[in-house]
Each structure stands twice: as C-alpha cells, then as structure tokens.
Amino acid sequence: MTGTTTGKTIGATGAWTHLTASDGHRLTAYEARPVGPEKGRLLIVQEIFGINSHIRRVCDGYAADGYRTLAPALFDRAQRGVELPYDAAGVQRGRELMGAVSVDDALTDVAAGLAHLGGAEGAAIAGYCWGGTIAWAAASRLPVRAAIAYYGGGIGNRLDEAPRAPVLLHFGETDHAIPLTVAEAVRQRHPGAITHLYPAGHGFNCDERASYDAASATLAKRRTLGLLQAVC
C-alpha cells in the first residue's frame with residue numbers, strides 16, 4: 001500500500017488517515033469526503049483483500065453520493081499495507097490474515113473508526129464478505145445507525161447475536177461459499193432484518209472479480225442508499 005501518510009490525497013475525495021484504537025493500536029484508514037453537502041456518515045469494512053482499489057472505489061462512490069466514508073485497515077494488526085489481488089494466492093493470504101485478526105480486535109478498530117466519524121451512533125456500517133460478518137457483529141455490539149452486509153459468510157455462525165440497529169443483508173443465490181440456508185436462518189431468527197437474494201454469486205458487487213454482476217450490484221446499492229437515507 002502506498003500513500004499512508006496522513007492527509008495524502010488519493011483522487012478527488014479520498015485520503016489516508018490514521019486511527020488509534022482503545023487498546024493503543026494505531027492503524028491506517030482510507031477516508032473519502034463528499035464534495036457537496038454531507039448526507040451522513042458510513043464506515044466500510046473490507047473484504048479479506050485489504051483496503052485495495054475496489055474498497056477505495058466503494059468509499060469514493062459513497063462519497064459521491066454524499067456520505068463521508070471511512071474504511072479502516074483491519075489487517076494492520078497482522079500485517080500493514082495489505083492490498084491483495086483477486087486470485088488464488090490473494091485468497092489464500094487473505095484467509096490467513098483473517099484468521100490472525102479476531103472479531104473482537106476488528107470491532108475494536110471499527111469502534112475507533114466510528115469515533116473518528118463522530119461516535120454516538122453517528123454513522124452506519126457496511127461490510128463486504130468478511131466485512132459483512134463484522135458489520136453484523138457491530139450491529140449488536142457497537143452504536144451504529146444501521147448495518148449493511150454484503151455476502152457475510154460468517155453471519156450464519158453468529159445468529160445468537162441480536163442486532164440493535166436496522167440491518168440490511170445482501171446474498172447471492174449462486175454463492176459457492178454461503179448456502180441459501182443462511183439467509184433463511186436469518187429470516188427465521190431475525191425477522192426484523194431485511195434480507196435480499198440476488199441472481200448472482202459471491203463477490204457480485206466487485207467489478208474486479210469474474211463474479212461481478214452489474215444488475216445485482218446496482219440494485220443492492222440502490223437498496224443500501226435507501227436505508228442510509230432513512231437512518232442518517
């Protein structure tokens with residue numbers, strides 16, 4: 001990863017900054033601010049590939065929609081500067097790093113990000129893949145305005161957690177990593193959570209992956225913006 005100096009501009013709206021977690025850990029984060037009026041604040045939780053170009057574009061996209069957006073580098077606890085490609089080697093390394101960072105540590109760093117964005121339920125959270133699981137956990141443990149999870153593979157193992165904020169979940173019908181029974185279990189255990197299925201596979205929101213599905217990504221983004229507009 002390059003450009004980790006605080007305030008170094010990346011594109012029109014994005015820049016790297018630093019956060020300090022409650023346990024003293026210092027981590028980087030990518031922050032994108034809207035050029036015009038701010039509609040709200042959103043914390044983005046990464047996939048297992050780090051704060052790579054896709055996640056930075058996600059942040060820039062929400063900033064263009066009017067949301068101040070922050071993506072903490074949650075893998076900094078295991079390895080700094082992680083930015084992995086979408087290939088077999090990247091997946092393998094990402095899984096290793098995911099195993100080295102506990103959900104508790106990830107939430108500690110998410111809390112630092114929320115504080116940076118204003119704290120006191122001032123921001124919503126949206127996560128992708130591993131980040132979707134973290135977003136689900138944050139909804140039950142941290143003060144967030146809402147939680148959005150894209151194909152959160154670990155949600156099925158955390159159904160005992162009770163979200164305290166509005167939750168919106170996006171799953172792919174042909175996801176090789178997440179069986180449809182997970183979405184059904186969420187609906188049964190947490191009927192208040194909004195759960196959508198899309199005719200797509202895992203990672204359908206990422207235009208750098210072969211599984212990218214433009215129609216599903218567009219619809220999921222529209223639904224996500226609808227929730228953000230309602231809660232922010």
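**View A. Salt bridge between arginine 77 and aspartate 23 in the predicted model.** Aspartate 23 is partly exposed, with a relative accessible area of 46%, and arginine 77 is likewise classed as partly exposed, at 24%. The two residues form a salt bridge whose closest N and O atoms are 2.9 Å apart. Arginine 77 lies in the loop between strand E5 and helix H2, and aspartate 23 in the loop between strands E2 and E3, so the pair ties together parts that are 54 residues apart in sequence.

**View B. Salt bridge between arginine 57 and glutamate 208.** The N to O distance is 3.0 Å. Arginine 57 belongs to helix H1 and glutamate 208 to the loop between strand E9 and helix H6; the pair therefore links parts 151 residues apart in sequence. Arginine 57 is partly exposed at 38%, as is glutamate 208 at 34%.

View C. Contacting residues include Asp104 and Leu107 of H3 and Trp130 and Arg141 of H4. Glutamate 161 is buried at 14% relative accessibility, whereas arginine 141 is partly exposed at 35%. Shared partners join Asp104, Arg141, Arg158 and Glu161 into one salt-bridge network.

**View D. Buried aspartate 175, without a salt bridge.** Aspartate 175 sits in the loop between strand E8 and helix H5. The nearest side chain of opposite charge, arginine 209, is 8.2 Å away. A polar side-chain atom of aspartate 175 lies 2.7 Å from the backbone nitrogen of alanine 177.

How values were computed:
Residues numbered from 1 in each chain as written. Predicted model: local features only at pLDDT ≥ 70, side-chain atom pairs only at ≥ 80, totals over all residues. Heavy atoms only, no water. Helix = DSSP H or I, 4+ residues; strand = E, 2+ residues; numbered from the N terminus. Buried < 20%, exposed > 50% of the residue type's maximum accessible area, 1.4 Å probe, protein only. Lys, Arg positive; Asp, Glu negative; His and termini not counted. Salt bridge = Lys/Arg side-chain N within 4 Å of Asp/Glu carboxyl O. Polar contact = N/O pair within 3.5 Å; in protein donor to acceptor, adjacent residues only side chain to side chain. Contact = heavy atoms within 4.5 Å.
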